[in-house]
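Colleague: I am new to this fold. Please walk me through how to read its features.

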Amino acid sequence: EMVLPKQTEIDIQRIEKEYVARERLAHFGLKPRQKILFYGSPGCGKSMSAERIAWNIGLPFLKVRFEAIISSYLGESAANLKKLFESIKNYPCVLLLDEFDFIAKTRSSGHDVGEMHRVVNVLLNLLEDYDAPGLLIATTNLEGSIDKALFRRFDDIIAMPKPGKEEIMRLLRNTLSSITVS
């Protein structure tokens with residue numbers, strides 16, 4: 001059981017319900033949200049929420065390791081990203097792009113080499129064209145460092161705030177309820 005603020009819980013349940021009702025939505029010419037970005041401080045449940053969504057909708061959960069995608073060879077990182085998206089084109093799953101800011105840094109900063117700019121450009125196109133049968137979920141702690149053009153490619157952007165007083169009390173009750181006090 002996850003302890004989340006009410007609005008965050010509602011947003012996540014909406015994604016789950018839309019996916020489950022995707023055929024009914026298609027009957028009316030509608031599509032469920034497929035590309036979601038979770039952002040917030042470390043440890044607030046972004047990755048766990050993606051895993052929960054996969055569990056609740058009954059899809060395999062795949063987590064991308066960016067160190068396996070990013071290459072020191074010119075053009076290979078972009079090619080690896082294209083292969084990743086091609087491999088899930090017909091495979092229903094929840095694909096987690098954890099720590100998304102690693103490859104989605106803003107192109108306006110002059111600190112990165114041209115290769116990373118090309119990776120962001122390829123990522124823009126891949127997200128724009130994404131129409132796989134599953135969900136793509138990206139997470140970041142640093143939403144300010146993500147290229148602004150990428151935000152428009154997501155169907156939903158959900159804040160994962162730090163737990164408030166109510167969530168902390170629920171966490172403590174859940175955690176300490178199994179301890180016997182003499």
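Colleague: How many bridges join strand E3 to E4?

Modeller: Two strands pair if DSSP finds at least two bridges between them. Here four bridges join E3 (residues 94-97) to E4, and the two run parallel. Leu96 has Ile137 in E4 as its bridge partner. Before we go on, note that this is a predicted model: local features need pLDDT of at least 70, side-chain atom pairs count only at pLDDT 80 or more, and totals for chains, interfaces and linings use all residues. Residues are numbered from 1 along each chain as its sequence is written, and side-chain values use heavy atoms, with hydrogens and water left out.

Colleague: How many helices and strands does the protein have?

Modeller: Helices (H or I, at least four residues) and strands (E, at least two) are DSSP runs, numbered from the N terminus. The protein has eight helices and five strands. Along the sequence the pattern reads α-α-β-α-β-α-α-β-α-β-α-β-α.

Colleague: What is the order of the strands in the sheet?

Modeller: The order is E2-E3-E4-E1-E5, in an open sheet with parallel pairing. E2 (61-63) and E5 (156-159) stand at the edges with a single partner strand each, so one side of each has no neighbour in the sheet. From one strand to the next, the twist averages 20°.

Colleague: Which residue in E3 is the bridge partner of Leu62?

Modeller: That partner is Leu95. E2 and E3 run parallel, joined by three bridges.

Colleague: Is strand E4 mostly covered or uncovered?

Modeller: Start with the classes: buried means under 20% relative accessible area, exposed over 50%, and partly exposed in between (1.4 Å probe, protein chains only). E4 (residues 135-140) is mostly covered, with six of its six residues buried. Leu135, Ile137 and Thr139 point one way. Leu136, Ala138 and Thr140 point the other way. Across the protein, buried residues make up 44% of the 182 residues.

Colleague: Which strands does helix H1 lie across?

Modeller: Axes are lines fitted to C-alpha atoms, for helices over the stretch in contact, and angles run from 0 to 180 degrees between N-to-C directions. H1 (residues 6-20) lies across E1, E4 and E5, at about 150° to E5. H3 (residues 46-57) also packs on the sheet, touching E1, E2, E3 and E4. The direction of H3 makes about 165° with that of E4.

Colleague: Which residues does Pro92 touch?

Modeller: Contact means heavy atoms within 4.5 Å. Leaving aside residues up to four places away in sequence, Pro92 touches Tyr19, Leu59, Pro60, Pro133 and Gly134. Pro92 is in the loop between helix H5 (76-87) and E3. It counts as partly exposed because its relative accessibility is 33%.

Colleague: Which residues form the nonpolar patch on the surface?

Modeller: Like charges are joined within 9 Å, nonpolar side chains (Val, Leu, Ile, Met, Phe, Trp, Tyr) within 5 Å. Accessible areas come from the Shrake-Rupley method with a 1.4 Å probe; for residues, only the protein chains shown count as cover. This patch holds Ile168, Met169, Leu172, Leu176, Ile179 and Val181, with about 570 Å² of accessible area together. Val181 lies in the segment after helix H8 (165-176). With a relative accessible area of 73%, Val181 is exposed.

Methods: Patch = residues over 30% accessible without salt bridge, like charges linked within 9 Å, V, L, I, M, F, W, Y side chains within 5 Å. Salt bridge = Lys/Arg side-chain N within 4 Å of Asp/Glu carboxyl O.
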